[in-house]
Amino acid sequence: MNVQDRPPEQAVARLPIVATVVSAFTVTYRDPVLLLRAAAGGLMLIAAASAIFLVVPNAATMMLVLFIAPLAAYSHFGVNWYRIVLLGPPGLVRPSLRWDRRHWRVFGYALAINLATLLVQVPLTLALPPLATVIALGVFYVTARLSFIFPALAVEENYSLALSWRHTQGQGGWRLTVALLAAAIPLYLLLSIVLGQIFVILIGVPVAAIAAAGPGNPEIIAQIAEQISPVAVIAVVMISFALLMAVLAVLFAIVAIAFRTCTGWVPAGPQNLPDVFE
């Protein structure tokens, strides 16, 4: 956490929202090749899972493609990107598909937090539909408060969810939430527009047309599916995940910068700090 490797009792600094968001965008998009190298292993996992589903299309492989593989891919990418933000380019884990204790711990915490939020958010939303937005924001806030665990694990710090909650207490929690939302909302809106166009170009059918058919028209869905090439499906999946990782990289960078700001964390070798943060 600091040179003595002892985390502080409380946050040590006020999180500057605008500066944090600007720094996150800068460190993410200043070197596209480094971003691609960080995402390579995760994208390989997605490609492998998608290929398995095309060969063996059943419920188990669908769960692999829809949930397990993406979570593993984001965990793999997250370890790389948190390390790059905090340690600079030398922090990139090599080789690309390396999976070690850091990845297992990040994956485990991500799985636990995702399942916990689903178990809370879904029943509450179903019970109180008018408050769906409020509930979603509350869940997002809690998740943000717990997010320091991920950069800490990526750089192999002795850290916990309790420490993350403590270090985001007070101004740190809402400022981090605002910073994440300020970046996430425009990025996801842009992503949805771009992916919609890519879907039309590669699949040949607008997403709206498939949605309009709905589950009540299996014949129409079947006709559309027969016209879609498996190669096109793989291409759409890979492009979608690559662009999504480019968006997540900004959010991961915000969390990493906030972690460093609020905890006073410094690497063992200060010379490895990225220039954008100096």
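Here is a short tour of a predicted model, stop by stop. Residue numbers start from 1 along each chain as its sequence is written, and side-chain values use heavy atoms, with hydrogens and water left out. Because the model is predicted, local features need pLDDT of at least 70 and side-chain atom pairs count only at pLDDT 80 or more, while totals for chains, interfaces and linings use all residues.

Of the 278 residues, 44% are buried, meaning under 20% relative accessible area with a 1.4 Å probe, protein chains only.

Next, select F77, W81, F148, L176 and I254. They have the most contacts inside the largest nonpolar core, a set of 69 residues. A nonpolar core here is buried Ala, Val, Leu, Ile, Met, Phe, Trp, Tyr and Cys residues joined through side-chain atoms within 4.5 Å. Color by element and you'll find α1 (17-29), α3 (59-87) and α8 (171-203) among the contributors of two or more residues; α11 gives the most, with 18.

Now zoom in on F77. Skipping neighbours within four places in sequence, F77 contacts (heavy atoms within 4.5 Å) L35, A38, A39, M245, A249 and F252.

Then pick F199, I203, I228 and A232: they belong to a second, separate core of 5 residues.

Last stop: S50, in helix α2 (residues 32-55). Is S50 buried or exposed? S50 counts as buried because its relative accessibility is 6%.

Key
Helices (H or I, at least four residues) and strands (E, at least two) are DSSP runs, numbered from the N terminus. Buried means under 20% relative accessible area, exposed over 50%, partly exposed in between (1.4 Å probe, protein chains only).
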